[in-house]
Amino acid sequence: MKPAIVVKGLTKGFKKNQVLKGVDFTVDSGEIFALLGSNGAGKTTTINILTTLMEKDGGQATVGGFDVAKQPEKVRQSISLTGQFAAVDDVLTARENLVLIGDLRHVKDSAQTAADLLKKFNLADAADRRVATFSGGMRRRLDIAMSLIGNPPIIFLDEPTTGLDPEARINMWDAIRTLAQGGTTIFLTTQYLDEADELADTIAVLHEGKIAASGTATELKRLVPGGLIKFSFQNVEQLEAAAVALGKKYEIIEKKNVTLTVAGGDNAGQVAELFIQLRNAKIEPTDFSQQVPTLDDVFFELTGNKKEEK
Amino acid sequence: MHSFKDTWTMTKRSLSHILRSPDTIITVVISPIALLLMFVYVLGGALEPQAGTMKYINFITPGILIFTVVSGVAYAAFRLNGDVQKGIINRFRTMPVAPSSILSGQAVSSALSNLFSCLLVLGAAFAAGFRTNAGLTEWLLFAALLALFILATTWMAIYFGLKSSTPEGSGSFSYLLMFLIFLSPSFVPTSTMSPVLRSFAENQPFTPIIETMRSLLTNGAAGDKAGIAFAWGAGLLVVMYLLSIQAYKKRSL
């Protein structure tokens, strides 16, 4: 499939601060791509360059097959942007906001398009109220609805759930998934790992101006070495005995009350081996659990190590 | 192309902003009317002899109208800067719409609301004793010059609205323009000023504009400064328009 966005060696600096130091990634058509990074990592700068708001210093970027620097007009035909803060007109009503964008995008029937979107985004009851009276979640929904007018094939969402309450956040995730099912390519930035894990087909971690790692959530999780196994015992004596028995061959990660965490591997064979060792030492654990690596572990592994190198 | 349709779409939006905050129109109109009354009834007695054979209210009405426009266009800067701060301008900038259409909507609505304010102020001037010898041609020329001045200062407002980092700061250019009104023959003839100020006053753009307006309304003739007045207006309009379009394209927030 033809890629929707291709970025190669992208650089951008502000005065003495080099924000992007050679960013590379590719976004396939129809996928949800999450650019993950902490505050100030350069996520918004990347979005600003891809949506033609800002000029890059170096490297190449194409969106929808068009060069952002040479054919910004063509790029604008195929994208829409929902920025970090809801860019809605407070003085107008929700309906008027939608009709305005519909008119500017020259859709056939702006009024009907507006009515459909109001319904879809659960804003029909508030349609004719001024947006100034809206809650944060309603503003966000309207903001996204405005971005969908004219069905742009590539949608950029800059931290779409920042500042939303948990329920609004889940509604937003549903809306994003629905969009992607319709074939729209979605480029989103987030600082929340669970959001990237939940939504994205591909995740790229932006750290210190470069892509530190990218892939599916599963692929990224494999970057964290070894699964951790946690055993519980009847008493401390048992725990100490187990620690001695397992400590010969495995790394003991943590001893806490009557639980013992061991770096023992993540497949069934490796886990079984741990039980055999305990059986041989005549120790019966009361409980056990497998600690699956989370994206958090990946993120801290990637970003923490990078910091130490400096 | 779609430019006219887009400009009209943006004009409608901007007009509803103005109509939904009618207090701004009232604020814009009240201060020039207060200034007019103060100059006529408080200072007028002392200043009237300076105006030669002319009635003092006839002398100052063009300057009061310029004052009305200068304080009125500051709101255009304020509104536009609000759009910039809220990210609305960035939304438009990522859409396939010509920069001129987005900004012209603001310009047209600002021009209409300022013309309306000027009508109200002119009405107040008539009530306070302003009289004119102008015929239809002079009125039309006067209206054309006023509209040109409004458009030029509106595009100046658009430029500062795009460039400022706060809505409050975006209107500060209008203070500079206020200064130019007082350093012009708006309220007293330049011949009564000190030599340095006088040479500045006689060569700054507001002077020929105010003198031409005054000449059209009271003498019923355009006067010898009409050419330079229209040239200043047109020149300022073109420069501010081009700067604004550039600022819109380059704006990165």
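Is A:Pro293 buried, exposed or partly exposed? In this predicted model, A:Pro293 counts as partly exposed because 18 C-beta neighbours lie inside 10 Å. The residue belongs to the loop that joins strand S14 (287-291) to helix H11 (295-309) of chain A. When residues up to four places away in sequence are left aside, A:Pro293 touches A:Lys221, A:Val224 and A:Val298. A separation of 9.3 Å was computed between the C-alpha atoms of A:Pro293 and A:Leu223, which are 70 residues apart along the chain.

Confidence was examined for chain A. The average pLDDT of chain A is 88, and 96% of the residues score at least 70. For residues 306-310 of chain A, the pLDDT is below 50, and this stretch has three contacts in the model beyond near neighbours in sequence.

A second residue of chain A, A:Ile101, is located in helix H3. A:Ile101 counts as buried because it has 27 C-beta neighbours inside 10 Å. Residues up to four places away in sequence not being counted, A:Ile101 touches A:Met146 and A:Ile149. Between A:Ile101 and A:Phe66, 35 residues apart in sequence, the C-alpha to C-alpha distance is 23 Å.

The packing of helices was considered next. Two packed helices are described by the distance between their axes and by the angle between them. In chain A, the axes of helix H3 (residues 94-104) and helix H5 (residues 136-148) come within 9 Å, with a crossing angle of roughly 25°. H3(A) is therefore roughly parallel to H5(A). The crossing of H3(A) past H5(A) is right-handed. On the H3(A) side the contact is made by A:Ala94, A:Asn97, A:Leu98 and A:Ile101, and on the H5(A) side by A:Leu142, A:Ala145 and A:Met146. By class, six residues of this contact of H3(A) with H5(A) are nonpolar, one is polar and none is charged.

In chain B, helix H6 (residues 136-163) and helix H11 (residues 226-250) have axes that come within 8 Å and cross at roughly 25°. H6(B) and H11(B) are therefore roughly parallel to each other. H6(B) passes H11(B) in a left-handed crossing. The contributors from H6(B) include B:Leu148, B:Ala152, B:Trp155 and B:Tyr159, while those from H11(B) include B:Phe230, B:Gly233, B:Leu237 and B:Tyr241. The contact of H6(B) with H11(B) comprises 20 nonpolar residues, two polar residues and one charged residue.

A further pair in chain B consists of helix H3 (residues 56-85) and helix H5 (residues 99-127), whose axes come within 9 Å and cross at roughly 150°. H3(B) is therefore roughly antiparallel to H5(B). The crossing of H3(B) past H5(B) is right-handed. Among the residues that make the contact are B:Ile64, B:Thr68, B:Gly72 and B:Ala76 of H3(B), together with B:Ser110, B:Asn114, B:Ser117 and B:Val121 of H5(B). Eleven residues of the contact of H3(B) with H5(B) are nonpolar, eight are polar and none is charged.

Between the two chains, 22 residues of chain A are in contact with 18 residues of chain B. On the side of chain A that touches chain B, at least two residues are supplied by each of helix H2 (72-78), strand S6 (79-82) and H3. This side of chain A contains ten nonpolar, seven polar and five charged residues.

Key. Residues numbered from 1 in each chain as written. Chains lettered and ligands numbered in written order. Predicted model: local features only at pLDDT ≥ 70, side-chain atom pairs only at ≥ 80, totals over all residues. Axes fitted to C-alpha atoms, helices over the stretch in contact; angles between N-to-C directions. Helix = DSSP H or I, 4+ residues; strand = E, 2+ residues; numbered from the N terminus. Parallel < 35°, antiparallel > 145°, perpendicular 65-115°, else oblique. Left-handed = near helix turned anticlockwise from the far one by under 90°. Contact = placed C-beta atoms within 7 Å. Nonpolar A, V, L, I, M, F, W, Y, C, P; charged D, E, K, R; others polar. Buried ≥ 20, exposed ≤ 12 C-beta atoms within 10 Å, placed from the backbone. pLDDT = per-residue confidence, 0-100.
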